[in-house]
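Let's take a walk through this model together, with the coordinates open beside the text.

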Amino acid sequence: MTATVERNARAVGKGKSKGTIGKPPRGPRDSYALFLLPGALAFLAVVVLPFVMNTYVSFTDWQGVGSPTWSGLANYRELMDDSEFWASFRHSLFMVVAMAAIPTALGLVLAAALFDYVGKHFGSRIAAVLRACFYLPQVLPIAVAGIVWSWILAPDNGSLNALLKAIGLGSWQQDWLGDPDIALYSVMGVMVWVQLGFPLVVFMAGLQRVDPQLYEAAELDGAGWWRRFWHITLPQIRPEIYVVLTWCSIAALKVFGAVYVLTKGGPGGATDVPSYFSFTTFFEKTQVGYGAAISTVLTVIILALSLIGLRLQERSDP
């Protein structure tokens, strides 16, 4: 009886070992793919597939109706010689200054001031309220913010011109959005106001991980606020600086809503940017193939900038 039981046990053990050879148990990583699948399919349908179709259209001559005619690199050759495109691209560089460089610099100083001075002397609640006030323009829809600023900058009954007149600076009154010489700078000023809150919030979050003993030791050594900012704050939040610069530069290159609401690329193309130039080429001029070429070039530039930002961020990580 005992021998029979042992033989049956060995047989069952052999069966189990044969069935499990080469099949390791499923771990938690195997199930992650199921959760990533919906996002991957959505990314494929919403991003990859439209980009491939847009790239194909950029090699054709098409007015949006009928069958597209293959034209090869004709649209790109025309793009290289298009002065309007290069002018719009120069304007986008101004937008990078307004939406990336200036907000990053101001955001650094304001975040350090709120964290290192206001928070210590007036309390964390006051610092949080001020942070929320700076971030408020990021919450507003760009269409709403653009309409409000168009009222403020109106030449006849705008609030800004009325204020200048009331304080005796009537000679400074301008057609802020209608003068080709200053329209771009007016849009830049609006975008600084819109974009400032994002760097401020990111930098204040980054300052939370800085060891407070560094500030205390520097303060005991007699270092003022500016020296603490330059020698402690900047080196410690370098990864956040790269993230903000990359994110805001991408937002500046693809800015569209503010230009559409405030100036529609005018006056005389003085505020035109590549995204709006592509839009008008698509829908107003019905040069779909040429508009697709503009969009493709802009996408490639944004992807290259993203890769550069990611590489810089990796180098900055401790």
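This is a predicted model: local features need pLDDT of at least 70, side-chain atom pairs count only at pLDDT 80 or more; totals for chains, interfaces and linings use all residues.

The largest pocket here has a volume of about 400 Å³. Its lining comprises 17 residues, and those closest to the centre are Val 47, Phe 51, Ser 295, Thr 299 and Ile 302. Which helices supply at least two residues of this lining? They are helix 2 (28–57), helix 14 (274–283) and helix 15 (288–316). Helix 15 gives the most, contributing seven residues.

Now turn to the second largest pocket, where the space amounts to about 280 Å³. Here too the lining is given as 17 residues, with Met 99, Gln 138, Val 194, Gln 195 and Ala 251 lying nearest the centre. Two or more lining residues come from each of helix 5 (124–139), helix 8 (183–195), helix 12 (238–253) and helix 13 (257–262). The lining of the second largest pocket divides into 13 nonpolar, three polar and one charged residues.

A pair of packed helices is described by the angle between their axes and the distance between the axes. Take helix 8 with helix 4 (residues 83–122): their axes are 9 Å apart and the packing angle is about 35°. The crossing of helix 4 past helix 8 is right-handed. On the helix 4 side, the contact is made by His 91, Phe 94, Met 95, Ala 98, Met 99, Ile 102, Pro 103 and Leu 106, which meet Leu 184, Tyr 185, Val 187, Met 188, Met 191, Val 192 and Gln 195 of helix 8. By class, this contact has 13 nonpolar, two polar and no charged residues. Met 99 and Gln 195 belong to this contact, and they are also among the residues nearest the centre of the second largest pocket.

Helix 12 packs with helix 9 (residues 197–207), their axes coming within 10 Å and crossing at roughly 160°. Helix 9 is therefore roughly antiparallel to helix 12. This crossing is right-handed. Phe 198, Pro 199, Val 202, Phe 203 and Gly 206 of helix 9 meet Glu 240, Ile 241, Val 244, Trp 247 and Cys 248 of helix 12. The contact of helix 9 with helix 12 consists of eight nonpolar, one polar and one charged residues.

Conventions. Residues are numbered from 1 along each chain as its sequence is written. Side-chain values use heavy atoms; hydrogens and water are left out. On a 1 Å grid over the protein atoms alone, a cavity is a set of points where a 1.4 Å probe fits but cannot get out, and a pocket is an open set with protein on both sides within 12 Å along at least five of seven lines; lining residues have an atom within 4 Å of a point. Grid points are joined across faces, edges and corners, and a volume is the space filled by probe spheres set on the points. Helices (H or I, at least four residues) and strands (E, at least two) are DSSP runs, numbered from the N terminus. Ala, Val, Leu, Ile, Met, Phe, Trp, Tyr, Cys and Pro count as nonpolar, Asp, Glu, Lys and Arg as charged, and the others, Gly among them, as polar. Axes are lines fitted to C-alpha atoms, for helices over the stretch in contact, and angles run from 0 to 180 degrees between N-to-C directions. Angles under 35 degrees count as roughly parallel, over 145 as roughly antiparallel, 65 to 115 as roughly perpendicular and the rest as oblique. A crossing is left-handed if the near helix is turned anticlockwise from the far one by less than a right angle, and right-handed if clockwise. Contact means heavy atoms within 4.5 Å.
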